[in-house]
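Biologist: I have a model open and would like to go through it with you. Can we start with the surface?

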Amino acid sequence: MSKPDISQYRSFDQICDRLDDIIVSVRDKGTSLERSLDLFDEAIALGSAAVDMVDVTELTPAETEKLAEKEAADAQQAQAPAAAADAPAQE
């Protein structure tokens with residue numbers, strides 16, 4: 001079995017769009033098992049390429065700050081239920 005040619009997909013968005021197309025094709029009852037397996041192989045190759053892109057992408061300072069703010073907000077939300085459970089019940 002030859003490796004699928006995914007060289008035409010150069011951006012993360014292009015890869016995501018192609019993966020969406022693959023999902024639609026595989027869900028189509030008219031798609032043969034053989035074709036579905038070929039699409040599966042292509043999806044694996046595309047997924048690997050997407051992971052490689054994410055691994056080498058560097059965030060801008062603004063993106064880094066936004067990510068830190070989101071993580072801080074998530075941490076606050078996670079602590080809020082615990083703090084409420086520790087508070088004495090009011091009658």
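Modeller: A word on the term before the number: accessible areas come from the Shrake-Rupley method with a 1.4 Å probe. On that basis the accessible surface of the protein comes to about 7,600 Å². Carbon and sulfur atoms account for 55% of that surface. Keep in mind that this is a predicted model.

Biologist: What is the average pLDDT of the protein?

Modeller: The average is 88, and 88% of the residues score at least 70.

Biologist: And where is confidence lowest, and where highest?

Modeller: Confidence is lowest in α3, where the mean is 83. The highest is in α1, at 96.

Biologist: How many helices and strands are there?

Modeller: Three helices and zero strands. From the N terminus, the order is α-α-α. Helix α1 covers residues 12–27 and helix α2 covers residues 33–56, while helix α3 covers residues 61–86.

Biologist: Let's take α2. How far apart are its end C-alpha atoms?

Modeller: They are 35 Å apart. With 24 residues at 1.5 Å a residue, α2 should span 34 Å, so the two values agree.

Biologist: Which residues of α2 are buried?

Modeller: S36, L39, E42, A45, L46 and A50. The cover over these buried residues includes α1.

Biologist: Which residues make up the largest nonpolar core?

Modeller: That core has eight residues: I6, Y9, I15, I22, L39, A45, L46 and A50. Both α1 and α2 supply at least two residues each. The largest share, four residues, comes from α2.

Biologist: Pick one of them. What does I15 touch?

Modeller: Setting aside residues up to four places away in sequence, I15 touches Y9, L46, A49, A50 and M53.

Biologist: Which residues is E42 in contact with?

Modeller: Leaving out neighbours within four places in sequence, E42 is in contact with P4, I6, Y9, R18 and I22.

Biologist: R18 is the one I would look at. How close do the N and O atoms of E42 and R18 come?

Modeller: The closest N and O atoms are 2.8 Å apart, and the two residues form a salt bridge. As a general point, side chains of opposite charge can pair when their charged atoms come close.

Biologist: Where do the two partners sit in the chain?

Modeller: E42 is in helix α2 and R18 is in helix α1, 24 residues apart, so the pair links distant parts of the chain.

Biologist: Is R18 buried or exposed?

Modeller: R18 is buried, at a relative accessible area of 15%.

Biologist: How many salt bridges does the structure hold?

Modeller: Two. In the other, the side chains of K70 and D74 meet at 3.1 Å, N to O. K70 and D74 both lie in helix α3, four residues apart, or about one turn of the helix. In an α-helix there are 3.6 residues a turn, so residues three or four places apart point the same way.

Biologist: What are the relative accessible areas of K70 and D74?

Modeller: K70 is exposed, with 51%. D74 is partly exposed, with 37%.

Biologist: Changing topic. What fraction of the contacts between residues at least 6 apart in sequence join residues at least 24 apart?

Modeller: In this protein, 64% of those contacts do.

How values were computed. Residues are numbered from 1 along each chain as its sequence is written. This is a predicted model: local features need pLDDT of at least 70, side-chain atom pairs count only at pLDDT 80 or more; totals for chains, interfaces and linings use all residues. Side-chain values use heavy atoms; hydrogens and water are left out. A salt bridge is a side-chain nitrogen of Lys or Arg within 4 Å of a carboxyl oxygen of Asp or Glu. Buried means under 20% relative accessible area, exposed over 50%, partly exposed in between (1.4 Å probe, protein chains only). pLDDT is the predictor's confidence in each residue, from 0 to 100. Contact means heavy atoms within 4.5 Å. A nonpolar core is a set of buried Ala, Val, Leu, Ile, Met, Phe, Trp, Tyr and Cys residues joined through side-chain atoms within 4.5 Å. The expected span of a helix is 1.5 Å times one less than its number of residues.
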